[in-house]
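Reader: I would be grateful for a close look at one part of this model, namely the helix that takes part in a helix packing and also in a pocket lining. Please state the criteria behind each term.

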Amino acid sequence: MRAAVLHEIGQDKLEVLDDVETVGFGPGRVRIRVRATGLCHSDLSAMAGVLPQPGPFVPGHEGAGEILEVGEGVRHLKPGDRVVVCWLPACGACPACKRGQTELCLAGFMNAGTPNFKRPAGDVFGFAGTGTFAEEVVVDAGCAVPIPDDVPFDIAALIGCGVTTGLGAALNTADLEAGSSVAVIGCGGVGISAIQGARLKGAAEIVAVDPVAARREAALRFGATRAVTPDELPDARQQVTAGEGFDYVFEVVGKSATARTAYENTRRGGTLVVVGAGAMDDFLQLSMFELFFDEKRILPSMYGGGDVLRSYERTIALWRAGRIDLAGLITHRVPLTEINEALDQMRTGTALRTCIEI
C-alpha cells in the first residue's frame, strides 16, 4: 500500500512509499479506502514539531473514502458506505461529552499514540490517530461518519476539518450578531470558512487580513467586504470602526504575535476567537489590568466549538442550498505522488486547499 511518510520530526519533505501496511483492525474498528484528502496547515505544524505527534508518521487528517471492512460490533457501517474521516470522535461517555462539549472529548487524542501503520523498519503512526495521506487507513468506527451519496469525496474531505473548524468558529463559538464588524487574521482554507460563517450570520463588515495577495483576493470572493495586508490593518480599523476596534476578531494563524494583534484590534467588550493551533511553548502575554479594564472575551475554538456530527450535517445542508461555497476552496489538485508539491503550495500561500487525490 502507498502512503506518504515523514521519517523524522522536523523534516520538510515526505517520502511516498509502497511498503506500508495498516494495523489495528479488529472489533470496533473499520478499514477505509481513502479517495480524497485535503492538506491542512496542522499537518505542516505536526511535521515541524509545533504540534505534538510521535514519528515516524503519515500526515493527513482531512479525508473521505469508502468502507472496505468493518470489525465485530460495528453496526452503523457496512462495506461500500461513503464516509468522512473525523479525527476527533466523541466517545459519548466522558464528562465533556455528557456536558454536551463533545469537541473537548479526549478519546480521539488517545488514538494518536497508537500506531496505525507498519513498515519492515517498524511502526508508523497516523497524524491525529488517522493518517489520510495513504491509500487505506484503519480507525475506530466513530472516526468514520457516513455521508450522503451526493457529496463528492473532495467536498467531504474539507468538511472533515478545515470547513468545520472555520464555519464553527463563527457560528458556534462566536455566535456573532448580525450587523457586527469582523476581522479575520489568516485567510487560508480555515480563515475563508470563518469569513463564510460571518457572512451567514449577517456581519456588516468583514475585513480579511493576510500577507498573500492571492488569499486576499479569494477572501473578497467568499464574502469579505475588504481585504488588507497586516500593515494595512490599522487603517482598516480606523475606517471601519472609527478606531474603536472590531466587534469580533478571528485569529486563524496560531501564533502569539498574531493573537496579540487580534486582541489589540478587538474593541473593548468585543470578542477575540482563537482558531489557529499553536505551539505549547508560544505564550500570549496579557496584563492583568487590560484583562480587567477592556472586558474583552477570549474564546478558543476547538474544531469549530460544537458537536462535530451536527456541524457536518449543517455544513452539508448549507452547501446543498448554495449558501456556502466549498468547491471554490479547492484551488489545486495533485496525486499522492506529488504530495511535496502540495506542501510547497501550502507554505507559500498559493493554495487555499490542495486536494490530494488517492
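Author: **Helix H11 and its surroundings**

The axes of helix H5 (residues 162–174) and helix H11 cross at roughly 95° and come within 10 Å. Here helices (H or I, at least four residues) and strands (E, at least two) are DSSP runs, numbered from the N terminus. Axes are lines fitted to C-alpha atoms, for helices over the stretch in contact, and angles run from 0 to 180 degrees between N-to-C directions. H5 is therefore roughly perpendicular to H11; angles of 65 to 115 degrees receive that label, while those under 35 count as roughly parallel, those over 145 as roughly antiparallel and the rest as oblique.

The model is predicted: local features need pLDDT of at least 70, side-chain atom pairs count only at pLDDT 80 or more, and totals for chains, interfaces and linings use all residues. Residues are numbered from 1 along each chain as its sequence is written, and side-chain values use heavy atoms, with hydrogens and water left out.

On the H5 side, Val163, Thr164, Leu167, Gly168, Leu171 and Asn172 meet Ser311, Tyr312, Arg314 and Thr315 of H11, where contact means heavy atoms within 4.5 Å. By class, this contact has four nonpolar, five polar and one charged residues. Ala, Val, Leu, Ile, Met, Phe, Trp, Tyr, Cys and Pro count as nonpolar, Asp, Glu, Lys and Arg as charged, and the others, Gly among them, as polar.

The second largest pocket holds about 160 Å³ of space. On a 1 Å grid over the protein atoms alone, a pocket is an open set of points where a 1.4 Å probe fits, with protein on both sides within 12 Å along at least five of seven lines; lining residues have an atom within 4 Å of a point. Grid points are joined across faces, edges and corners, and the volume is the space filled by probe spheres set on the points. The pocket has 13 lining residues, and Pro89, Ala90, Gly142, Val145 and Leu309 are the closest to its centre. Strand S11 (144–146) and helix H11 (308–320) are the elements that give two or more residues to this lining. S11 supplies the largest share, three residues. Nine nonpolar, three polar and one charged residues make up the lining of the second largest pocket.

Helix H1 (residues 41–48) and helix H12 (residues 339–348) pack at about 100°, with their axes 10 Å apart, which makes H1 roughly perpendicular to H12. His41, Leu44 and Met47 of H1 make this contact with Leu343, Met346 and Arg347 of H12.
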